[in-house]
Amino acid sequence: MGYPFHEIEHKWQAFWAKKQTFKAQELNDKPKYYVLDMFPYPSGAGLHVGHPLGYIASDIVTRYKRHKGFNVLHPQGYDSFGLPAEQYAIQTGQHPAITTKANIKRYREQLDRLGFSFDWSREVRTSDPAYYRWTQWIFSLLFDSWYDTDKNKARPINELIRIIEQAGTSDINALCDDDTPALSANAWKKLKPHEQQAYLLYYRLTYLAETEVNWCPALGTVLANDEVVQGVSERGGHPVERKKMKQWSMRISAYADRLLQGLNDIDWPEPLKEMQRNWIGKSIGASVRFQIENSTKEIEVFTTRPDTLFGVTFLTLAPEHDWVDELTTAAQKEAVSSYVRQSAQRSERDRMSEVSKITGVFTGAYAHHPITNEKVPIWIGDYVLAGYGTGAVMAVPCGDQRDFDFATHFNIPIKNIFKDVDISKAAHVAKENTVMAQSDFLDGLSYEEATIKVIEQLTQSGMGEGAVTYRLRDAVFSRQRYWGEPIPVYYVNDQPQLIDEAYLPLILPEVSKYLPTEDGAPPLGNATDWAWDTQQNRVVSNDLIDYKTVFPLEKNTMPGWAGSSWYFNRYMDPHNQEVFASKEALNYWKEVDLYLGGSEHATGHLLYARFWQYFLYDMGLVPVQNFAKKLINQGMILGESAFAYRLKDSQTFLSKGLCSGKEVVPVHVDVSLVSHQNELDVAAVKKWQPHFADATFELENGKFIVGREVEKMSKSKYNVVNPDAICYQYGADTLRMYEMFLGPVEQAKPWNTAGISGVYNFLNKYWRLFHQENTFSLNDTPASKEALKILHKTIEKVTQDIEQFSLNTSVSSFMIATNELTALKCTNREILEPLTVLLAPFAPHICEELWALMGHKESISTVPYPVADPQHLQEDTKEYPISFNGKLRFTLPLGTALSKDEIEVAVMQDDRTQTYLDGKTPIKVIVVPNKIVNIVI
């Protein structure tokens with residue numbers, strides 16, 4: 001009979017909840033340790049067995065740190081604004097808040113069932129007005145700030161205004177829009193108030209501007225670049241197009257270099273840091289200006305290879321470039337317009353990744369080379385992106401493969417500027433050992449020499465200069481959705497005005513429907529009360545808008561990443577109504593010591609959160625620049641999908657063994673309808689979905705065998721395993737330990753329910769160590785030397801494993817120790833009591849029960865962690881390999897304290913030695929103490 005896990009787990013989960021066992025202590029003298037999981041979006045599907053992997057790992061570390069005497073903060077909450085609840089609201093009319101509340105209830109039940117030691121007293125939800133009040137407040141701070149490049153930090157906008165009032169903008173070095181006009185102090189003073197507000201948008205860290213965005217018509221909203229995959233929305237797979245819209249953006253580009261350099265100061269996985277480096281994309285080179293023929297305008301390009309300037313044979317603009325329409329000649333108008341429309345249907349990622357797809361069109365216009373003054377044709381091509389650099393490139397086909405392919409495809413001349421290099425079949429992209437030719441004053445120079453020389457020439461002529469650029473673009477912050485944080489802004493003379501922080505939160509209003517309005521406004525346009533009364537400082541009816549004291553409110557909402565960009569700080573002081581977190585709490589907890597989550601957030605949440613933290617640090621509101629010291633990316637638990645094979649163009653399914661030589665189509669079937677022997681329950685599958693009801697299933701040996709394939713665990717693949725079912729059949733402790741046992745936390749691994757019985761059997765065996773004939777029984781007699789060695793070796797190994805996050809090998813160590821103690825028939829309290837404390841972080845329910853049965857009143861979670869005693873780690877014997885002429889023949893256990901002579905005597909007296917000697921006298925006996933013995937004959 002197995003141990004009574006149902007009864008035990010329910011009992012201790014209720015105990016922990018009642019006693020608030022895992023509530024973080026008030027600020028005190030204990031060392032602190034802050035463990036955080038990336039908080040979940042509460043989807044309607046609930047958790048599958050892949051979701052808890054990181055939670056289990058972090059919970060083990062959390063419990064371990066409590067045992068080690070730390071004041072541990074391990075909170076949990078919900079990223080509860082999101083598209084799925086809104087899509088459901090559009091389909092059913094049910095308010096997203098109702099859906100979200102039900103989903104959270106389901107999540108909480110599942111999380112509690114797994115025995116996680118979260119401090120639920122600190123729970124936050126991003127959709128709670130008490131929380132998003134502070135998200136709106138941070139937005140307001142960003143709006144009221146600018147970035148001073150001289151001081152390399154953000155500063156309040158009032159300080160910028162004072163500088164402009166006194167001296168104009170001539171001495172201001174700021175991260176601002178490229179087209180920001182210079183102003184004198186007098187010119188500033190002559191501007192009307194709304195004109196001054198419009199001017200400040202060039203500088204603000206949150207600003208409103210015409211922006212090229214990813215527009216998804218099906219979802220009715222703008223998507224961030226990381227929310228678009230292969231030209232479609234990540235959620236739902238809907239087509240995405242590029243278009244210009246007036247949008248809120250955040251000037252994350254101001255922090256590009258700091259975000260890049262800051263990666264050196266954090267213990268995060270190197271692959272993730274490399275993803276952020278590539279996303280930020282620092283490039284060093286030169287800015288070059290090409291004068292447009294018959295125009296006063298110049299096309300500015302950035303190049304990392306200014307040394308190749310004499311190889312330019314055409315310019316390429318992004319299809320979305322502001323000047324395309326103006327530049328295009330009448331003869332090329334139709335072709336260019338058609339190409340621009342076509343390019344808008346492709347995402348930026350597709351345009352960057354599909355290098356083999358060459359498209360473009362000539363504008364009919366020309367520019368002049370900045371040094372030779374030669375005419376250079378201007379093309380447009382969708383391999384150039386409007387938002388990267390200047391949206392224009394100087395094309396050097398001899399030195400860039402993409403330019404080479406483009407020139408070859410469109411029969412554009414290719415000029416070779418490299419000495420003794422063949423470019424007939426491909427571009428020469430190498431810099432090393434390259435000597436310039438056909439390049440005027442650069443002839444004979446190396447790459448490094450030519451780069452310096454050409455930048456000097458460009459600077460002297462005023463046609464360019466050395467420059468640094470970043471791929472990182474400002475983050476679009478508007479969403480045309482309902483279920484998100486309202487942006488705390490109203491409009492006076494079309495200029496955004498902040499709602500004073502004293503009147504936050506601006507609460508999400510009720511709407512009649514969750515779709516955009518008939519005139520295309522976002523869903524908040526359906527609200528009847530969505531205007532701001534500046535005298536009463538409250539929301540009033542739209543009917544009262546008079547543009548004197550009552551003004552329209554912003555109809556866009558914030559993106560999904562807003563609330564998750566600072567939540568780690570709110571957990572430190574979640575109920576504070578005066579500030580987002582007190583200085584005392586922030587100075588005590590400082591930052592997250594261990595953060596766990598998926599690497600898929602590398603260029604989304606993790607980058608935006610770093611940006612917001614840097615900004616709050618600049619404002620003196622947080623004590624550290626980096627919000628998380630150490631980050632671990634947990635791997636994915638993969639599902640083992642099941643496939644039934646359908647004969648093409650028929651409703652006949654063949655068992656796997658009958659498919660050879662047949663043209664079949666694999667069809668996913670629910671893994672719950674398949675046995676461990678891969679046999680499909682045909683009767684059940686016919687009832688499962690209508691398209692199987694009338695199908696024919698051809699069996700082999702009376703069975704229908706499915707195919708198997710390891711894939712991402714997903715509802716759409718019908719390979720999801722519900723943790724509730726595992727907990728019901730085997731217990732939460734079994735699930736916790738099995739997920740750790742599958743392999744290193746950071747690696748992907750397939751789920752196999754059949755393997756869980758091994759961990760379940762281990763826990764039952766551990767339970768039996770404490771029970772004789774189903775009666776709890778321990779003795780207080782001194783433990784044997786062998787048992788003490790087993791205990792202390794296990795303490796040493798598990799402690800090292802937890803510190804190194806090698807949790808899978810800890811599970812193996814517990815299994816080995818239990819088997820060895822069982823063989824010794826060990827029932828000593830001296831052994832089993834500390835061993836139970838050691839096991840408690842992994843299997844807390846069974847350990848709490850055993851701890852109580854040992855007579856303890858307090859929870860095991862507060863007990864000091866056992867420490868390995870070095871005297872019990874010494875090996876008394878060594879298994880010596882005994883070789884003859886270098887060939888191993890047998891092993892012999894001997895005491896580690898024996899001398900060389902004593903070892904030799906013992907070996908020579910062994911009967912097996914005499915057998916191998918066969919009457920011969922050894923020439924030599926080589927003894928290396930505690931290593932080997934070799935007998936030479």
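# Close-up views of a predicted model

**View 1. Arg63 and Asp59 lie within one helix.** Because Arg63 and Asp59 are 4 residues apart in helix 2 (residues 52-67), about one helical turn separates them. Helices (H or I, at least four residues) and strands (E, at least two) are DSSP runs, numbered from the N terminus. The model is predicted, so local features need pLDDT of at least 70 and side-chain atom pairs count only at pLDDT 80 or more, while totals for chains, interfaces and linings use all residues. Residues are numbered from 1 along each chain as its sequence is written, and side-chain values use heavy atoms, with hydrogens and water left out. Arg63 and Asp59 form a salt bridge, with 2.9 Å between the closest N and O atoms. A salt bridge here is a side-chain nitrogen of Lys or Arg within 4 Å of a carboxyl oxygen of Asp or Glu. Both Arg63 and Asp59 are buried (buried: under 20% relative accessible area; exposed: over 50%; partly exposed: in between; 1.4 Å probe, protein chains only). The structure holds 37 salt bridges.

**View 2. Arg125 forms a salt bridge with Glu123**. The closest N and O atoms of Arg125 and Glu123 are 2.6 Å apart. Arg125 is partly exposed, with a relative accessible area of 28%. Glu123 is partly exposed too, at 22%.

**View 3. Lys630 and Asp267 meet in a salt bridge**. The distance from N to O is 3.1 Å. Lys630 lies in the loop between helix 18 (605-618) and strand 24 (631-633), and Asp267 in the loop between helix 9 (256-262) and helix 10 (270-280), so the pair ties together parts that are 363 residues apart in sequence. Lys630 is partly exposed, with a relative accessible area of 31%. Asp267 also counts as partly exposed, at 43%.

**View 4. Tyr255 and Phe611 belong to the aromatic pairs.** The whole structure holds 64 aromatic pairs. Rings of Phe, Tyr and Trp (its six-membered ring) pair if their centres lie within 6.5 Å; planes under 30 degrees apart count as stacked, over 60 as edge-to-face and the rest as tilted. The rings of Tyr255 and Phe611 make a tilted pair, with 5.4 Å from centre to centre and 55° between the planes. Tyr255 is in the loop between strand 9 (241-250) and helix 9, while Phe611 is in helix 18, so this pair ties together parts that are 356 residues apart in sequence. Tyr255 counts as buried at 0% relative accessibility, and Phe611 is buried with a relative accessible area of 0%. One aromatic cluster is formed by Phe39, Trp268, Tyr567, Phe568, Tyr571, Tyr595 and Phe627.

**View 5. Charges sit over the rings of Tyr33 and Phe143**. Lys65 lies over the face of Tyr33, 4.6 Å from the ring centre. Over the ring of Phe143 sits the charged end of Arg204, at 3.9 Å from the centre. The test asks for NZ of Lys or CZ of Arg within 6 Å of the ring centre and within 35 degrees of the ring normal.

**View 6. Cys826 is in no disulfide**. A search of the whole structure finds 0 disulfides (a disulfide is a pair of cysteine sulfur atoms within 2.5 Å). For Cys826, the nearest cysteine sulfur is that of Cys847, 15 Å away. Cys826 counts as buried at 3% relative accessibility. Another buried cysteine is Cys216, at 0%.

**View 7. A cis peptide bond joins Leu504 and Pro505**. Omega of this bond is about 5°. Pro505 is placed in the loop between strand 19 (495-498) and strand 20 (531-533).

**View 8. Asp918 and Asn930 have positive phi values**. Asp918 is not a glycine, yet its phi is about 50°. Asp918 is found in the loop between helix 29 (911-917) and strand 35 (924-928), and is exposed, with a relative accessible area of 62%. Phi of Asn930, also a residue other than glycine, is near 65°. Asn930 has its place in the loop between strand 35 and strand 36 and counts as partly exposed at 36% relative accessibility.
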